[in-house]
Amino acid sequence: MLNWFHRLGSPRTFFAMTSNWHPWLLALSIGLLLAGSAWALLFVPPDYQQGNTVRIMYIHVPAAILAQSGYMMMAGAAMVFLVWRIKLADMAMTAVAPLGASITFLALVTGAIWGKPTWGTWWVWDARLTSTLVLFFLYLGVMALRSAMEGREQAGRACAILSVVGVVNLPIIKYSVDWWYTLHQPASFTLSEKPAMPMEMWLPLLVMVIGYYLFFFTVWFMRLRNEILVREQNTEWVRTWVAER
Amino acid sequence: MRFFFASMTRDLRVHFRRPSEVLNPLVFFAVVISLFPLGIGPSPDQLSLVAPGIVWVAALLATLMSMDLLFRSDFDDGSLEQVVLSGQSLMVLTLAKVFAHWLIAGLPLVVLMPIVGLVLFLEVDGIWTLALSLLLVSPTLSLVGSIGAALTVGLPRGGLLVTILILPLYVPVLILATAMVQAALSGSDVSGYIYWLLAVLLLSLALAPLATSAALHLSVDE
């Protein structure tokens, strides 16, 4: 088990093992996204209060969930890197930060678009919006720190420390902001409780959430492989790999 | 413990030898505060309404401006490296330095508070609560800020970066502290807020030195 873990931690083995995964991942995630969007946009009945506007939910809610999970993934990779010094974890962390920032941005933008017809305003200083905005800034901070530092190893460790500090702060930020002011509805999508919305609306949302996660993983995966190539560009195996293309 | 007091007194002595570096953040604080009446308008009603927010944002910025004092000169002249090599605990060093920094950068802000409050037409109750909240929170600001200062100490121009890294982490204390002042102004009980701010202070006292010392190791290692 540990041996397997060590071998997977080597960028070269990881790269070789996963060399033909991403077409499958890409096909599966895009298929799910297409199916979920078609189901959500064409077949789900309009909401009795919000009408067709409710369909924005299928874009917005998965993005908002993923925005937080993305940070957790980054912090998880950071923890692994700090404890075991696995280079692959640092590469994974580098690859995930811009992705997480973009998905957070998507959540903010779609939230604003949804807010205009339902609340009558693009932006409110509501608890969830604010904590998502802070999350966006945390992502930007990690990215700024990485681009400011020269040494790669050093930049990786600095970003790892910052991500872990951010993760300790996230719940505090979330609760303080919740306490500050709340207009947003409570979480509309949990697996642990019975959904508050009817099944015919919930199921396409589930498909969309899974599709978003898979798509996120796929792009992360491609970025990670790219990062491996960039960092190992002076090694023998990358040269032979490039020469074979 | 001896190491703690030794590095604290050394830091204080170094800071007092260069008074302008210590005064600059305070001047910055005063200038920022005096810009707001010019921007918003001089009406006392409006100013007293937004005063807690103005004071708090200015205090956050001033604290971050002073963060350079924490490790920069020690890093530049190599004494930080000597401490790392000597094997003394970096957590103790961090605590000593942060405490010295709080004495010269955090505490003066609290002392300035009555004047600032009067200039912004706050009621007396509000001024006292504002000073109390700043007293409770400024150590937290220094502690959390020390993480950013330690991460960026090796960089030639770390100042702006520190603000980007650290300001989002200040959101909870900003919310709690301004809510406390608003509660005092509306005449309600503030003891709940005091407990909250103390809890945050204890949490950062326990955890921030861990992150800061890890970051110092890293910046010196290079």
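Which hand, left or right, does the crossing of α6(B) and α7(B) have? The close-ups below come from a predicted model, and the second one holds the answer.

**View 1. The side of chain A that touches chain B.** Here 23 residues of chain A are in contact with 19 residues of chain B (C-beta atoms, placed from the backbone, within 7 Å). Both α6 (127-148) and α7 (152-180) of chain A supply at least two residues each to this side, and α7(A) gives the most, with 13 residues. Helices are DSSP runs of H or I, at least four residues, numbered from the N terminus. By class, this side of chain A has 17 nonpolar, five polar and one charged residues (Ala, Val, Leu, Ile, Met, Phe, Trp, Tyr, Cys and Pro are nonpolar; Asp, Glu, Lys and Arg charged; the others, Gly among them, polar).

**View 2. The crossing of α6(B) and α7(B) is right-handed.** That is, the near helix is turned clockwise from the far one by less than a right angle. The axes of α6 (residues 90-119) and α7 (residues 124-152) of chain B come within 9 Å and cross at roughly 155°; axes are lines fitted to C-alpha atoms over the stretch in contact, with angles from 0 to 180 degrees between N-to-C directions. The two helices are therefore roughly antiparallel (over 145 degrees).

**View 3. Residues where α6(B) meets α7(B).** Among them are Trp102(B) and Met113(B) in α6(B), and Leu134(B) and Pro139(B) in α7(B). The contact has 14 nonpolar, eight polar and no charged residues.

**Reading the views.** Residues are numbered from 1 along each chain as its sequence is written, and chains are lettered from A in the order in which they are written.

Note on methods
This is a predicted model: local features need pLDDT of at least 70, side-chain atom pairs count only at pLDDT 80 or more; totals for chains, interfaces and linings use all residues. Two residues are in contact if their C-beta atoms, placed from the backbone, lie within 7 Å. Angles under 35 degrees count as roughly parallel, over 145 as roughly antiparallel, 65 to 115 as roughly perpendicular and the rest as oblique.
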